[in-house]
Each structure stands twice: as C-alpha cells, then as structure tokens.
Amino acid sequence: MVKAVAKAKSKQVRVTLLKSRFGRSPGHAACAQGLGLRRRHQTVLVNDTPENRGMIATIGYMLRVEEA
C-alpha cells in the first residue's frame with residue numbers, strides 16, 4: 001500500500017510528439033516509441049525519471065515538454 005501512494009505522488013511530465021518518427025535514425029524512433037508516442041500530436045504523461053529525461057533529451061527537437 002505504501003508503494004501505491006509513493007507511485008501516485010511521483011512527478012510526471014507531459015510529452016507531445018510534434019514531428020514524425022519516420023525518416024529518423026532508428027535510435028531516435030525507438031526513443032519516441034519507448035516514451036509511448038505513436039503518432040504526431042499525441043500527448044502522454046511519463047514519470048520524471050532519469051531514463052525518461054535521457055530519452056526526452058535525445059529527441060528533444062521532435063517534442064514539446066511540459067511539467068504536469
């Protein structure tokens with residue numbers, strides 16, 4: 001039960017894919033897929049972890065990032 005409460009309070013980031021994954025390097029397309037982004041203008045909430053921040057930094061030119 002304690003884990004559920006801690007998980008619910010974790011900080012999240014709202015990420016929107018602005019540019020298409022197609023035509024990008026395989027690593028950049030994989031980062032977008034890893035964040036859960038499938039199509040342009042799709043917005044997802046991801047936990048603010050170092051792993052997700054690294055993926056966001058890698059493909060930052062394709063994204064809009066907002067604090068949730």
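These legends describe close-up views of a predicted model. Residues are numbered from 1 along each chain as its sequence is written. Local features need pLDDT of at least 70 and side-chain atom pairs pLDDT 80 or more, while totals for chains, interfaces and linings use all residues, and side-chain values use heavy atoms, without hydrogens and water.

**View 1. Confidence along the chain.** The chain has a mean pLDDT of 91 (the predictor's confidence in each residue, from 0 to 100), and 87% of its residues reach 70 or more. Confidence is lowest in helix H1 (residues 2–8), with a mean of 57, and highest in S1, at 98. Helices (H or I, at least four residues) and strands (E, at least two) are DSSP runs, numbered from the N terminus. Where pLDDT is low, the predicted coordinates should not be read in detail.

**View 2. The open sheet.** Three strands form an open sheet in the order S2-S1-S3, with antiparallel pairing (two strands pair if DSSP finds at least two bridges between them). Strands S2 (43–47) and S3 (63–67) are the edge strands, each pairing on one side only. S1 and S2 are joined in the antiparallel sense by five bridges, and Val15 stands opposite Val44 in S2.

View 3. Thr16 belongs to strand S1 (residues 12–17). Thr16 is buried, at a relative accessible area of 4% (buried means under 20%, exposed over 50%, partly exposed in between; 1.4 Å probe, protein chains only). Not counting residues up to four places away in sequence, Thr16 touches His41, Gln42, Thr43, Met62, Leu63 and Arg64 (contact means heavy atoms within 4.5 Å).
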